[in-house]
Amino acid sequence: MGKTPVLIDTDPGVDDAFAIMLMQTSGQHDIKALTVTAGNVGLKHTLPNTLGLCELIDLNVPVYQGADHPLLIDLKMADDVHGENGLGGFVFKNRNRKPAEETAWDAIARIAKAEKGQLEILSLGPPTNIALALLRYPEIKPLIRNIVIMGGATGTGNTDPYSEFNFWCDPHASQVLVESGIPMQLIGLNATRQALMTLENMAKVGGARPAVKAFIDYLTAFYVRSSRTFGYNNRMHIPDAVAAAVMIDPSIAVLDAAQVRIVTEQNSQQGRSVVDFHLADGRSANMDVATRIDGDAFARMMLLIQ
């Protein structure tokens, strides 16, 4: 049996970079493409960040430019966490890679059709590109086997008391995604916070390639400083990498069926993920939601990045 084809939708972002490196390292999926959106920072940064990362780690897959703003609201970024350019000021030098000509949403649809129902998607940023693909090409819904989403929070958010950034950034795209009927797993903040990386472990990540190690060490030093605002005390919270780890090895997570909807109304809770495990309103579950993560297993997976 061949490797499962996967498409990674991303907005690098420090934790996106670690997630992509982890997916490459595992070797369990056939990475077909990376589609890039605005999110953590603007597309003018996330696109070159993705191209530079692929070149650095020798990930030879096409990169497609996607949405530079959410579906219906203005772009709100997280440059206070990820730095002005999304990678804490790290700039890839002598970058030669160029994006592919096709748009991200057209590429998603084309690849889904080509893979004939086997494609999985790892959603690491605001899901604008994926939503556009589903809206423009609704016939691809049954052709996407599964989506693993880093998004949502069943406890405290990271943008306000209720909301997680990816859903808060584009709530309307997020609602398109959760209403699609595609099988999916939601890896929210409450779960990813159970898998913080110690600095001792982070010092062991990378090492086989000096340039990659220097990049990892730079991101680690920056992210630890920027994360102190959230009280992580010299530990790293890498939510996108946790979502990637669950895609690679679902056994590291406990997932429970739930009905999830996204608050799209323009109020103080816009972007909040409302998660109903009890199905109290009579609606059926539309996804599996992570409630626990094995932090030790996640750390062992991260240590494989070299």
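This is a predicted model: local features need pLDDT of at least 70, side-chain atom pairs count only at pLDDT 80 or more; totals for chains, interfaces and linings use all residues.
Residues are numbered from 1 along each chain as its sequence is written, and side-chain values use heavy atoms, with hydrogens and water left out.

The largest pocket holds about 360 Å³ of space. A pocket is an open set of points on a 1 Å grid over the protein atoms alone, where a 1.4 Å probe fits, with protein on both sides within 12 Å along at least five of seven lines; its volume is the space filled by probe spheres set on the points, which are joined across faces, edges and corners. The lining (residues with an atom within 4 Å of a point) comprises 26 residues, and Ala78, Val81, His82, Asn158 and Phe165 lie nearest the centre. At least two lining residues come from each of helices H1 (14-26), H3 (79-82), H6 (165-169), H10 (210-227) and H11 (239-248). Helices (H or I, at least four residues) and strands (E, at least two) are DSSP runs numbered from the N terminus. By class, the lining has 12 nonpolar, seven polar and seven charged residues, where Ala, Val, Leu, Ile, Met, Phe, Trp, Tyr, Cys and Pro count as nonpolar, Asp, Glu, Lys and Arg as charged, and the others, Gly among them, as polar.

Strand S1 (residues 4-10) has seven of its seven residues buried, that is, under 20% relative accessible area with a 1.4 Å probe and protein chains only. Side chains in a regular strand alternate between the two faces of the sheet. In S1, Thr4, Val6, Ile8 and Thr10 are buried on one side, and Pro5, Leu7 and Asp9 on the other. S1 pairs with S2 in the parallel sense over seven bridges (pairing requires at least two DSSP bridges), and Thr4 has His29 of S2 as its bridge partner.

Lys32 belongs to S2 (residues 29-36). Beyond residues up to four places away in sequence, Lys32 touches Pro5, Val6, Val61, Pro62, Ile111 and Glu115, a contact being heavy atoms within 4.5 Å.

Helix H7 (residues 171-178) is largely enclosed by the rest of the structure, because seven of its eight residues are buried. Its buried residues pack against elements including helix H5 (128-136), H6 and strand S6 (144-150).

Note on methods. Buried means under 20% relative accessible area, exposed over 50%, partly exposed in between (1.4 Å probe, protein chains only).
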